[in-house]
Amino acid sequence: MLAFILRRALQSVGVMLAVGVISFAMFRFAGDPVNQMVALDTSEAQRAEIRASLGLNDPVPLQFARYFIDAAQFKFGVSYQFRQPVSMLLKERMPATLELATCATVLAMGFGILLGIYSALRRDSFLTKVLQAVSLIGISLPTFLIGILLIYLFSVILGWLPSFGRGEVVKFGWWSTGLLTVSGLKALIMPSITLGLFQMTLIMRLVRAEMLEVLRTDYIRFARARGLTTRAIHFGHALKNTLVPVITVAGLQFGSVIAFAIITETVFQWPGMGLLFVQAVQNVDIPIMAAYLLVVSLIFVTINLIVDILYTVVDPRLRATVGRAA
Amino acid sequence: MSIRLSSLAAVASLIAAALTPASAQTLRYANQGDLKSLDPYTLRESTTIAHHGQVYEGLVARDKNLQTVPGLAESWETPEPTRWRFHLRKNVKFQNGDPFTADDVVFSADRVRAKGSDFATMVANDTKVIKIDDYTVDFVLTAPNPILISQWDVWYIMDKKWAEENNAVAPTPAAATTPSFASLHANGTGAFSIESHQPGVKTVFKVNPNWWRKPEHNLKEIIFTPIASDATRVAALLSGEIDIMEPVPIQDISRVNSSPNATVMSGPELRTIFLGMDQTRDELLNSNIKGKNPFKDIRVREAFYKAIDIELIKTRVMRGLSTPSALMIAPQLFKLSGDFTRPKYDPDGAKKLLTEAGYPDGFELSMDCPNDRYVNDAAICQAVVGMLARIGVKVNLIAQPKALYFAKIFKSGGYNTPFYLLGWTPSTADSHNVLYDIMGCRDNPNSSRGLTNIGGYCNKEFDALADKVLQETDNTKRDLLIKAAFEISNKDFAYIPLHQQALAWGVSKKLKVAQRADNQVLPYWFVKQD
């Protein structure tokens, strides 16, 4: 067991190293940041000075080593555009993204599971057919389109919800939350739906498929034969067994919700990490881009690691195979 | 005595309250670009400068028609051509209560030309700034400069005491490693003060009740939010969540105009969009012509010029929102620009010129173009490619993001382009900047002349005129010299000026604004109804 966890942890470190190499290599081709930082008629001497002070003239291996050692200590340098430490900017923006991602995931899980169960149990009802069709749209429509459609309907035509921003936020130390004000909650609705829609349809279809599978198994038949109530069979026995893979998927999806928040945040001008990243790309703000990639991959790797460990805890069969393989 | 004073003050404030419009308003403003640093010497970029102009003021200012008017200096004179004397306004206070004096001007002059300032050209290094008394400052130059103050409306004066107390004496350099105090806080003499500033997210300005000017606006605060996404910015305007935004994307103009809440205010901008041709290399880059450079032949440049149908670009690519230009400078910035006309669109004549020059079948070359910098920049280039194809010139278009584009074509990239599109607004609002930076010879590596002359056009007669323009103090004579210079460069077909793009602001119908052609959004002239 310990060996398994250690091996997984080592693999995670390997993944992080690889991401670091890729992100560093990529940014070598992102353009010259100095041109973004100064006016058109800034003199060449001044440009050269800035370039030197940013360490952009050093040999590549030296730049890489410096980058890696700093990153390992969460020192991501100073943003070229804001002249503030990147770690500070990320800390400032992280609550917005995490709040949005959490809301989207809760929404996706709640509705996804409910609708999934419904469409598995009432396979032939009209509503199920509608849900199936709608879920296809949810899976295939790009996020930004859904976001813009929502904005036009609920902000421009109906005027119910704000089209951009986070509304008013309340601060607790460095954490800022929009959950405690009316405008903050209103501002959260459309971005959460936009971000969570894909996950919701995914979970819905997954729950439905799993549920149908489980309902066909022998123990459900035996339970029926024994005379248990339908309610007990469906929700006591079938649902419980359906949820194991669903929780895994949802856990893993949380990482991609954070990562894909980039698009939602851009459409709604949501002041989170994703928006920061997009602004950084437009301005060749290499320190922010590098830090963002590393932070997101760290989140991914951590979630994967936890899920892997939980798996072995939850499922004894897996532990046995792992034991044999080792 | 003190009781009487305070009761007087109370009465005065009551009167002041009665005089201000019934309800002071909140202006909600969104822009595509964000406000990064609050340090007024960090980034010379028009959106940023306009934001800073709400808080800070210069010795001079520009009015709604871009005319230079007194600012923190009440008046000025030039007792001798190299000495400028400024008489400062008395009883002006910074927002923290510090009085404004000559010391602040001397301090600002040193700070603005210190290492790390992006505004270092405002005050030359060899200019002596001398405090005569608390309200008089002399600027002693090494050579006469009649346009000394032409950029000073954006050289904002900072508070010496405040900067010293907060360790902000040095300008925030582009490569700062710690956030400087001045990049997150501001203390000017202007109409508004900064209430809060979160870069890239939101900035709140509060009205400055002690502003020395009589306010023309009726605002109590400005909430600025950058909204980069075009669709969201338009939606926010249409739904009434913001009062003003800039820019309105060309394709959304008719929709904004047909909405009940908002209209688009458009007008010609000062930026001139033009095409440049490499006239220095002996062999053209990325071309099938080997061993020579067709652009060295004036007939080829003329052929390119005449092959471009500027009206088609205006109607099709710019949807009417451009002003074709015969000059490399906008008509608002040069009085005699009406004397110039563009040569007629003439593809047959262009073809004939190419044949005369020895290219009857045209030739092949590449073209560099940004795709995220100017209005429809890549689309303009595509149109140009099509038009040149008609005279047999095959153009391979390389359109890329500005970060890559500028790195390639500027001096740092070795002027690495045979044919390119660029836009230029003279930061001095004066022709000399164009004659010197864009069109001057760049053959002297120690001079900054021609720094952005990417095509490398060079005519010594032209340069001599440009130097005379800098020295001439009589405006009429000066304009004639500028005209003579532009006549030379037009005759040489040095560049192909295309147009001035239009600026487009989306404005709520509740808001009355003054729109200035330099595209600075300046809320201190805005009046908002209930």
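Helices here are DSSP runs of H or I at least four residues long, strands are runs of E at least two long, and both are numbered from the N terminus. The span you'd expect of a helix is 1.5 Å times one less than its number of residues. Take helix α4 of chain A, residues 60-72: its 13 residues reach 18 Å from the first C-alpha to the last, close to the 18 Å expected at 1.5 Å a residue. Just after α4(A) comes A:Phe74, with a positive phi of about 60°.

A bit of housekeeping before going on. Residues are numbered from 1 along each chain as its sequence is written, while chains are lettered from A and ligands numbered from 1 in the order in which they are written. This is a predicted model, in which local features need pLDDT of at least 70 and side-chain atom pairs count only at pLDDT 80 or more, though totals for chains, interfaces and linings use all residues.

Now step back and look at chain A overall. Its secondary structure comes to 13 helices and two strands, and its C-alpha atoms fill a box of roughly 85 × 60 × 35 Å along the principal axes. Of the 326 residues in chain A, 37% are buried. Buried means that 20 or more other C-beta atoms lie within 10 Å of the residue's own; exposed means 12 or fewer, partly exposed is anything in between, and the C-beta atoms are placed from the backbone. As for contacts, two residues make one if their C-beta atoms, again placed from the backbone, lie within 7 Å. Among chain A contacts between residues at least 6 apart in sequence, 71% join residues at least 24 apart.

For a helix pair, find α5 (residues 86-121) and α8 (residues 182-215) of chain A, which pack at an angle of about 35° with their axes 6 Å apart. The axes are lines fitted to C-alpha atoms, for helices over the stretch in contact, and the angles run from 0 to 180 degrees between N-to-C directions. α5(A) passes α8(A) in a right-handed crossing. The residues of that contact split into 22 nonpolar, seven polar and one charged. A crossing is right-handed if the near helix is turned clockwise from the far one by less than a right angle, and left-handed if anticlockwise. Nonpolar covers Ala, Val, Leu, Ile, Met, Phe, Trp, Tyr, Cys and Pro, charged covers Asp, Glu, Lys and Arg, and the others, Gly among them, are polar.

What does helix α10 of chain A span between its end C-alpha atoms? A straight helix of 38 residues would span 56 Å at 1.5 Å a residue, but α10(A), residues 230-267, spans only 45 Å. α10(A) also bends by about 40° at A:Leu239, the bend being the angle between axes fitted to the seven residues ending there and the seven starting there. Further along α10(A) sits A:Thr266, which is buried because 21 other C-beta atoms lie within 10 Å. Leaving aside neighbours within four places in sequence, A:Thr266 is in contact with A:Leu275, A:Val278, B:Ala228 and B:Ser229. α10(A) is followed by A:Gln269, with a positive phi near 50°.

Helix α11 of chain A (residues 273-282) is mostly covered, with seven of its ten residues buried. Among them are A:Leu275, A:Leu276 and A:Phe277. After α11(A) comes A:Val284, whose phi is positive, near 50°.

Most residues other than glycine have a negative phi, and most peptide bonds are trans. The bond from B:Glu246 to B:Pro247 is cis, with omega near -10°, and B:Pro247 sits in the loop between β11 (244-246) and α7 (253-257). B:Asn167 has a positive phi of about 55°, and B:Asn519 has one near 65°. Are these two buried or exposed? B:Asn167 counts as exposed, because it has 10 C-beta neighbours inside 10 Å, whereas B:Asn519 has 20 and so counts as buried.

Last stop: B:Ile409, in helix α12 of chain B, is buried, with 24 C-beta neighbours inside 10 Å. Its contacts beyond four places in sequence include B:Asp368, B:Tyr420 and B:Ile454.
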